[in-house]
Amino acid sequence: MTVCRPGPGRMRTLEVALLAVIALAAALLTVPAKASVANALSMRGADVSTAQRALDLGATYYDANGNAADPLDILKGAGVNYVRLRLWNNPASGYNNKAKVLAYARAVKAKGLKLLVDFHYSDTWADPGNQRKPAAWASHGIGALQTDVYNYTYDVCTSLKAQGTAPDSVQLGNEINVGMLWNDGKVVNNDFTNLSLLLKAGADATKACNGGTKVIIHTANADSDAHARWFYDGIKAKGVNWDITGLSYYCMWHGTLSTLYDVVADMRSRYGKDVVITETAYPFTTANADSTSNSVTSGCSGYPLTWTGQAANFTDVQNTVRNAGAIGVFYWEPTWYAVPGNGWDPADINNSGDGWDNMAVFNWTGRLNPAIRWTA
């Protein structure tokens, strides 16, 4: 029998291949720990709370090729799988009260999209500097407010569930850096007691309505790990339970992507809960489409105020938080281009303008930024 042996050249080739495999294995074992938590973004979201009003006014949306279509379909084509809807108790304009949210939730679910309901527990904007009670609750103390939060949350959730559009997740408050339903629910002198009572009421109501609905607690504390720890340590110490930590991140207000990475990674490891960026956005121009001044008038280093710069910033935000272990990113109000009658002020929606027209991913004629993508 003749035994065939590889010649010297073939032996060398095999050795090189083996060494390459060994080197690859070693490299994989030495990947920095901070990169090892990278995972797919399962919540690829858009807050389209003003889209319903725009459509009611006859606004038209176009995809990147100039084809008119439903904005939900256009966004879904760009990678969106989750919609966030703002909910105000009794806004003067009606947008977005319970009835409006119920109506648009049907459209969202009909498109095969998931739903996040953002309870502001207010009749108007709630953010780090404004957490006004709804007028109907204005005279209520902390005891009555717990009941209010429970009953209102449960009522909205069960109404959505009854029509076949149970929320996949809910936010208990919006950017509640120092509490909600001021002044009763405000955190004063590091005392989280009252806020914790309100959050527990909302969480209990959500789970009583639908056990599978995820509870998000949302702050705008992506600017600082110390700020984020102060808040979430505070509510955890009071026995508040939640499913997902939600953070707002706008580079012009909250700093570098490096800081964002560190905060997301720490929140994930410190509390053992999923993390989502529930709000982010970036301007595509410094120009203004209407009489209302733009809320954002400058950008961040490395990202020009152009379609390309906007898309690059959004891509880098997604990549940063994905690598830090987050599970989702929501673009805030991508459909809010300047449509007369769809104003910023809920008390004067017809006559006020749009301070976000340079931050939408649709331009002033309703056409999609061709470079924008939500990526898993």
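# Reading the labels on a predicted model

User: What makes strand E5 (residues 214–219) mostly covered?

Analyst: Five of the six residues of E5 are buried. Buried means under 20% relative accessible area, exposed means over 50%, and partly exposed lies in between, with a 1.4 Å probe and protein chains only. The strand itself is a DSSP run: strands (E) need at least two residues, helices (H or I) at least four, and both are numbered from the N terminus. Please keep in mind that this is a predicted model, where local features need pLDDT of at least 70, side-chain atom pairs count only at pLDDT 80 or more, and totals for chains, interfaces and linings use all residues. Residues are numbered from 1 along each chain as its sequence is written, and side-chain values use heavy atoms, with hydrogens and water left out.

User: How do you know that E5 pairs with strand E4 (residues 169–172)?

Analyst: Two strands pair if DSSP finds at least two bridges between them. E4 and E5 are joined by three bridges and run parallel. In this pairing, Ser 169 stands opposite Lys 214 in E5.

User: Which strand is joined to E5 by four bridges?

Analyst: That is strand E6 (residues 244–248), and the two run parallel. Here Thr 219 stands opposite Leu 247 in E6.

User: Why is the disulfide of Cys 157 and Cys 209 left-handed?

Analyst: The torsion about its S-S bond is about -80 degrees, so the disulfide is left-handed.

User: What about Cys 251 and Cys 300?

Analyst: Their sulfur atoms are also 2.1 Å apart, and they form a disulfide. Cys 251 lies in helix H8 (residues 251–254), while Cys 300 lies in the loop between strand E7 (274–280) and helix H10 (307–324), so the bond ties together parts 49 residues apart in sequence. Its S-S torsion is about 105 degrees, so this disulfide is right-handed. Cys 251 has a relative accessible area of 11%, so it counts as buried. Cys 300, at 17%, is buried as well.

User: How many disulfides are there by this rule?

Analyst: The count is two. With the bonded cysteines numbered in sequence order, the pairing is 1-2, 3-4.

User: How do you know that Thr 335 is buried?

Analyst: Its relative accessibility is 1%, so Thr 335 falls under the cut-off for buried. This residue is in the segment after strand E8 (328–332). Contact means heavy atoms within 4.5 Å. Leaving out residues up to four places away in sequence, Thr 335 touches several residues, including Val 48, Tyr 61 and Phe 362.

Note on methods: Disulfide = S-S within 2.5 Å.
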